[in-house]
Amino acid sequence: MREFKRLTPYREALKLLLDDLNEIGETEEVPLEEALGRVLAEDIVSPIDSPPFDRSAVDGYALRAEDTFPAREYSPVELRVVDEIVAGEESKAKVEPGTAVKLMTGSKMPEGANAVLMQEMAEREGDVIRVLRPVAPGQNVAFAGEDVKKGEVILRKGQVLRPQDLALLKSVGFRTVKVRRKPRVGIIVTGDELIEEFDEEALKAGKILESNSVMLKGLVRQYFGEPVFYGVVPDNEDAIRNAIERAKAENDLVLVTGGSAFGDRDFAHRFVNLLFHGTTIKPGRPIGYGERVFIMSGYPVAVFAQFHLYVKHALAKLVGARNYEVRVKATLTDRIPSQLGRHEFVKVWYEDGKARPIRKKGSGIISSLVESNGYVEIPEDSEGYLEGEEVWVTLY
């Protein structure tokens with residue numbers, strides 16, 4: 001089998017890939033309930049203050065703080081309660097010197113009041129409360145615009161929307177939000193040895209249950225895309241050529257698994273003008289890219305690594321996503337050796353600030369992916385990391 005004449009360094013290949021892609025211009029308006037994980041297409045400006053009025057942060061009594069300054073447990077100050085309201089109601093009373101209004105958490109502050117006394121700090125008898133401790137002006141009050149001010153940019157274009165982002169949008173009156181169209185991603189799995197349904201006799205005869213498609217569908221959905229599966233294509237030149245041409249015409253990106261090396265039946269890479277073919281990553285060295293098509297390995301672990309090191313960045317470029325990776329610092333529980341010239345994708349289990357390398361090897365060992373929840377990258381100019389060394393872990 002012919003070897004690669006040159007392995008493109010990882011960062012060089014990634015730059016070639018990203019420079020080849022342009023952001024998708026199309027947007028769509030979706031309800032907030034359907035916007036989780038979508039990418040904002042524009043900056044969001046709040047149309048209102050939030051909260052829209054000064055409100056109580058506790059259950060208690062709205063009053064003038066200065067009326068409470070002399071209060072002590074042995075010498076309480078007496079105030080007259082002139083109104084009682086619950087959240088959602090507005091008091092018609094004005095708080096004059098020597099008076100207070102009973103209210104609940106979230107209630108609008110009545111006119112004249114500048115503080116709230118927690119109800120535990122008062123003794124009540126009829127319409128009179130005895131204030132046991134003083135409060136300061138503004139104490140226990142959430143002021144208008146304290147959370148968000150009218151005209152403030154609250155979310156930036158490119159934000160990957162999280163549940164808390166949707167709550168913020170809802171709190172200032174949004175029902176829908178403009179997001180980038182999901183990229184369509186064609187998935188083609190190649191290989192004569194692959195079957196899609198369980199068949200015990202076929203497995204005994206040398207067939208293998210195909211698993212790349214369901215993994216790639218999930219990864220594509222996780223990273224902003226809409227997968228389109230074209231089925232398992234046999235190792236036939238015409239069949240693979242036709243599948244790739246159709247997928248190219250119908251999608252923003254195409255992922256082809258199998259056929260990335262130089263074996264006699266590795267056809268996929270022959271039908272694409274590749275910007276690079278063969279890079280320094282491990283696992284997944286034979287990856288190729290060109291014409292918005294990725295020619296990937298057939299082995300699931302290598303496919304998983306190729307997706308995280310290349311494809312997810314391509315999808316993020318298409319939708320203009322920012323901050324789409326979660327990276328944490330961790331201390332290695334064991335050493336990770338590497339060879340100079342390799343950019344290694346090392347599976348780890350991250351927990352409580354520590355990263356434990358997964359020792360299961362092999363590009364077909366899917367259980368090694370299940371037993372990990374993140375990865376460490378070792379660049380080409382490093383011979384690895386030592387036990388106890390601090391590293392960055394990218395979480396799946």
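Biologist: Let us take Ala, Val, Leu, Ile, Met, Phe, Trp, Tyr, Cys and Pro as nonpolar, Asp, Glu, Lys and Arg as charged, and the others, Gly among them, as polar. How many nonpolar, polar and charged residues does the lining of the second largest pocket then have?

Modeller: The model is a predicted one, and its second largest pocket holds about 440 Å³ of space. There are 22 residues in the lining, and those closest to the centre of the pocket are Val160, Gln222, Tyr223, Phe224 and Tyr324. Sorted by class, the lining residues come out as eight nonpolar, six polar and eight charged.

Biologist: Which elements give two or more residues to the lining of that second largest pocket?

Modeller: The second largest pocket, with its volume of about 440 Å³, is lined by 22 residues. Two or more of these come from each of two elements, a helix and a strand, namely α5 (212–222) and β28 (390–395).

Biologist: What phi does phenylalanine 224 take?

Modeller: Phenylalanine 224 is one of the residues that line the largest cavity, and it comes just after α5 in the chain. Its phi is positive, at about 80°.

Biologist: What volume does the largest cavity have?

Modeller: One cavity of 30 Å³ or more is present in the structure, and its lining includes Gly37, Arg38, Val39, Lys182 and Val319. By class this lining has four nonpolar, one polar and four charged residues. The volume of the largest cavity is about 30 Å³.

Biologist: Is histidine 313 buried or exposed?

Modeller: Histidine 313 belongs to helix α7, and, leaving aside residues up to four places away in sequence, it touches Tyr10, Leu14, Leu18, His308, Tyr324 and Glu325. Its relative accessibility is 10%, and as buried means under 20%, histidine 313 counts as buried.

Biologist: Where is serine 50 found, and which residues does it touch?

Modeller: Serine 50 is found in the loop between β2 (44–45) and β3 (55–56), and its relative accessible area of 9% makes it buried. Not counting residues up to four places away in sequence, serine 50 touches Gly145, Glu146, Asp147, Val148, Ser171 and Val172.

Biologist: What radius of gyration does the protein chain have?

Modeller: The chain has eight helices and 28 strands, and its C-alpha atoms fill a box of roughly 95 × 45 × 45 Å along the principal axes. Of its 396 residues, 48% count as buried. A compact globule of 396 residues would have a radius of gyration near 21 Å, whereas the protein chain has 31 Å.

Definitions and conventions:
Residues numbered from 1 in each chain as written. Predicted model: local features only at pLDDT ≥ 70, side-chain atom pairs only at ≥ 80, totals over all residues. Heavy atoms only, no water. 1 Å grid on protein atoms, 1.4 Å probe; cavity = no way out; pocket = protein on both sides within 12 Å on 5 of 7 lines; lining within 4 Å. Points joined across faces, edges and corners; volume = space filled by probe spheres on them. Helix = DSSP H or I, 4+ residues; strand = E, 2+ residues; numbered from the N terminus. Rg over C-alpha atoms; globule rule 2.2 N^0.38 Å. Buried < 20%, exposed > 50% of the residue type's maximum accessible area, 1.4 Å probe, protein only. Contact = heavy atoms within 4.5 Å.
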